[in-house]
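Subject: Structure for you to look at

Hello,

Here is the structure I said I would pass on.

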Amino acid sequence: MNGDFGLAWEVMKWPLVASLLFPPLLVYLGLHVVKREVIFVDLALAQVATLGTCVALLMGYHFEDRITFWISLGVTFLGAAFFSWTRSRTRQAVPQEAIIGITFVVAAAAVILLLSRVAGGKEELEHLLTGDILNVTKGEVGQRVLVFAALGAFYAAFHKRFVLISSDPERAFAEGVSVRLWDFLFYAAFALVVVSFVRLGGVLLTFAYLIVPAVCATILSGEWRNRLIIGWAIAAIASVAGLWASYKMDLPPGAAIVVASGLLLAIVDGINAARRT
């Protein structure tokens, strides 16, 4: 028994550390996304980041090359600028969510087209979607801890401003806040978070960490602090359950965590429905 636990720990310790350390910031961003009612913005940014990676691969760089990261980040910054520019003072006939959804679809199609020109494109596409969190290393975790800590401090410093823009944009405009500028700063930092994590967990796991815990927390509480705590707890439970299932049943760890997140959402929704009856 001890030997089995020791082996499991050796295989899973850094994936477990990564899946416990990084989701808190993703949950915080997810709460903003849910509040803004632009659910697909994180998936769209993740897909745009993937598009940037594909551009680098087509240029002859490898997935692990540093230049690939910077090209992906640069393309994602363009996506962030576009989303902040499309933010309107008043409700428009075409909602921003439609523009974000179109961006996602176009970026996804462009990824397929670009990878069709890259040797081993099918394998690269699978890798970009599902990631490789099982093989995350101590060095990769250490690098991203520094990035996530800095970005967490940035969001904490301007939390009230970001909450105002997410919760009451009309009031922010009325008070003279430069909403598009602050939106760009929000999405630019968001882009850095997404690009950093997509390279570890892939598009699907990034989306799951951003949205599912935030939705669960929003269902169960109306306070920001409580939502953060609940969201972090949901992400942690899904991570542990998914990695355990992955180890015991030889499943892809990213997909297992995503499914565990979905099951937790179903449980939370059932609890909420029972509570209202």
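Read from the N terminus, the elements of the chain run α-α-α-α-α-α-α-α-α-α-α-α. That makes twelve helices and zero strands. Keep in mind that this is a predicted model.

Next, the overall form. The chain has 277 residues, and a compact globule of that length would have a radius of gyration near 19 Å; the value for the chain is 19 Å, so the two agree. Along the principal axes, the C-alpha atoms fill a box of roughly 65 × 55 × 35 Å.

Then the inside and the surface. Of the 277 residues, 46% count as buried. The chain exposes about 13700 Å², and 67% of this comes from carbon and sulfur atoms. There are 21 positive and 19 negative charges, and their mean positions lie 9 Å apart.

H8 covers residues 159–167, and its buried residues are Phe 162, Val 163, Leu 164, Ile 165 and Ser 166. What covers these buried residues of H8?

If you want a place to start, colour H8 and look for Phe 162 through Ser 166, which are buried.

Regards

Technical notes:
Residues numbered from 1 in each chain as written. Predicted model: local features only at pLDDT ≥ 70, side-chain atom pairs only at ≥ 80, totals over all residues. Heavy atoms only, no water. Buried < 20%, exposed > 50% of the residue type's maximum accessible area, 1.4 Å probe, protein only. Helix = DSSP H or I, 4+ residues; strand = E, 2+ residues; numbered from the N terminus. Rg over C-alpha atoms; globule rule 2.2 N^0.38 Å. Areas by Shrake-Rupley, 256 points an atom, 1.4 Å probe, with all protein chains shown as cover. Lys, Arg positive; Asp, Glu negative; His and termini not counted. Charge placed at Lys NZ, Arg CZ, Asp CG, Glu CD.
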